[in-house]
Amino acid sequence: MDLKIKNDIEIKDAMTHNVIKSTSDVAISDIAKLMTKNDISSVVIEDEIIKGIVTTNNIISKVVSKNLSPQDVTADMVMEDYVGIKPETSLAEASKIMIEKNSKVVLVTENDELKGILTLTDIVRVSPELIQTFIEEMGLDDVFIENSQTNTSSYDDDEKLDEGVCEHCGVYGSLDKYDGLYLCSDCIDELKSEDED
């Protein structure tokens, strides 16, 4: 796969440096509150060393879908192994790793120390031309298929999407339906404020 990215940007220029962390013994209900408070979809689990990562998908698939009480489940019970890369890795290489590992988030580490976190959204923000590559390579065509002739998406009106590509800004992430479109929370807020004016 040949990814063309401008200026071969290093991931340290695109990653989030202030990572939200928790420990493995914290209840999932508290992890969820942390996610909501910080408007994020993943929390790094670190005791004395990095243990793993808890994502909203982990919580949905391993707690909510099994009707478990989030107060009775701790982070170590649902966290998954993380994919780690070095700060000097190029954005092109990081993108390849994410696609190969089918991971929407990687941890940036150096000498076993957490330096930051890189998400699909970070990559697309810095290199928007990558969105089509991710759609094709990560099998997201079923989630987002754009009709180039009418410039409308193929979402079914009754379809509920947890995540996909925002139909307004083109960034991949959590989506909600607003005014007939599937949009990220930032775009929904922007459109709501425009509607109020």
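Visitor: What share of the contacts in the protein with a separation of 6 or more comes from residues 24 or more positions apart?

Guide: Such residues account for 50% of those contacts, where a contact means heavy atoms within 4.5 Å. The model is predicted: local features need pLDDT of at least 70, side-chain atom pairs count only at pLDDT 80 or more, and totals for chains, interfaces and linings use all residues. Residues are numbered from 1 along each chain as its sequence is written, and side-chain values use heavy atoms, with hydrogens and water left out.

Visitor: How many helices and strands are there in the protein?

Guide: The protein has seven helices and twelve strands. These are DSSP runs numbered from the N terminus, with at least four residues of H or I for a helix and at least two of E for a strand.

Visitor: Why is Ser 22 called buried?

Guide: A residue is buried under 20% relative accessible area, exposed over 50%, and partly exposed in between, with a 1.4 Å probe and protein chains only. Ser 22 has a relative accessible area of 12%, and therefore counts as buried. This serine is found in strand 1. Leaving aside residues up to four places away in sequence, Ser 22 touches Ile 31, Leu 34, Val 43, Val 44, Ile 45 and Glu 46. In the protein as a whole, 42% of the 197 residues count as buried.

Visitor: Why does Asn 18 count as exposed?

Guide: The relative accessibility of Asn 18 is 68%, so this residue counts as exposed. Asn 18 lies in the segment before strand 1 (21-22).

Visitor: What makes strand 1 and strand 3 the edges of their sheet?

Guide: Three strands form this open sheet, in the order 1-2-3 and with mixed pairing. Strand 1 and strand 3 (50-55) each have a single partner strand, so one side of each is left without a neighbour in the sheet. Two strands pair if DSSP finds at least two bridges between them. Strand 2 (residues 42-46) and strand 3 are joined by five bridges in the antiparallel sense. One of the bridge partners in strand 3 is Gly 52, which stands with Ile 45. Helix 1 (residues 28-38) packs on the sheet, touching strand 1, strand 2 and strand 3, and its direction makes about 130 degrees with that of strand 2. Such angles run from 0 to 180 degrees between N-to-C directions, the axes being lines fitted to C-alpha atoms, for helices over the stretch in contact.

Visitor: How do you know that the buried residues of helix 1 line one face of the helix?

Guide: The buried residues of helix 1 include Ile 28, Ser 29, Ile 31 and Met 35. Seen down the axis, the buried residues of helix 1 fall within an arc of 160 degrees, so they line one face. The arc is that of the directions from the helix axis to the C-beta atoms. Lys 33 and Lys 37 are exposed on the face turned away from the buried side of helix 1. The cover of the buried residues of helix 1 includes strand 1, strand 2, strand 3, helix 2 (56-62) and helix 3 (75-78). Just after helix 1, Asp 39 takes a positive phi of about 55 degrees.

Visitor: What span does helix 7 have, and what is expected at 1.5 Å a residue?

Guide: Helix 7 (residues 185-196) has twelve residues and reaches 16 Å from its first C-alpha to its last, close to the expected 16 Å. The expected span is 1.5 Å times one less than the number of residues. Cys 187, Ile 188 and Leu 191 are buried in helix 7. The buried residues of helix 7 fall within an arc of 100 degrees seen down its axis, so they line one face. On the other side of helix 7, Asp 186 and Glu 196 are exposed. Among the elements that cover the buried residues of helix 7 are strand 11 (176-178) and strand 12 (181-183).

Visitor: Why are strand 4 and strand 6 called edge strands?

Guide: The open sheet here has three strands in the order 4-5-6, with mixed pairing. Strand 4 (84-85) and strand 6 (113-119) each pair on one side only. Strand 4 runs parallel to strand 5 (residues 105-110), joined by two bridges. Strand 5 and strand 6 pair over six bridges in the antiparallel sense. Thr 109 has Leu 114 of strand 6 as its bridge partner. In the hairpin of strand 5 and strand 6, with two residues between the strands, Asn 111 takes a positive phi near 50 degrees. Helix 4 (residues 91-100) lies across strand 4, strand 5 and strand 6, at about 80 degrees to strand 6.
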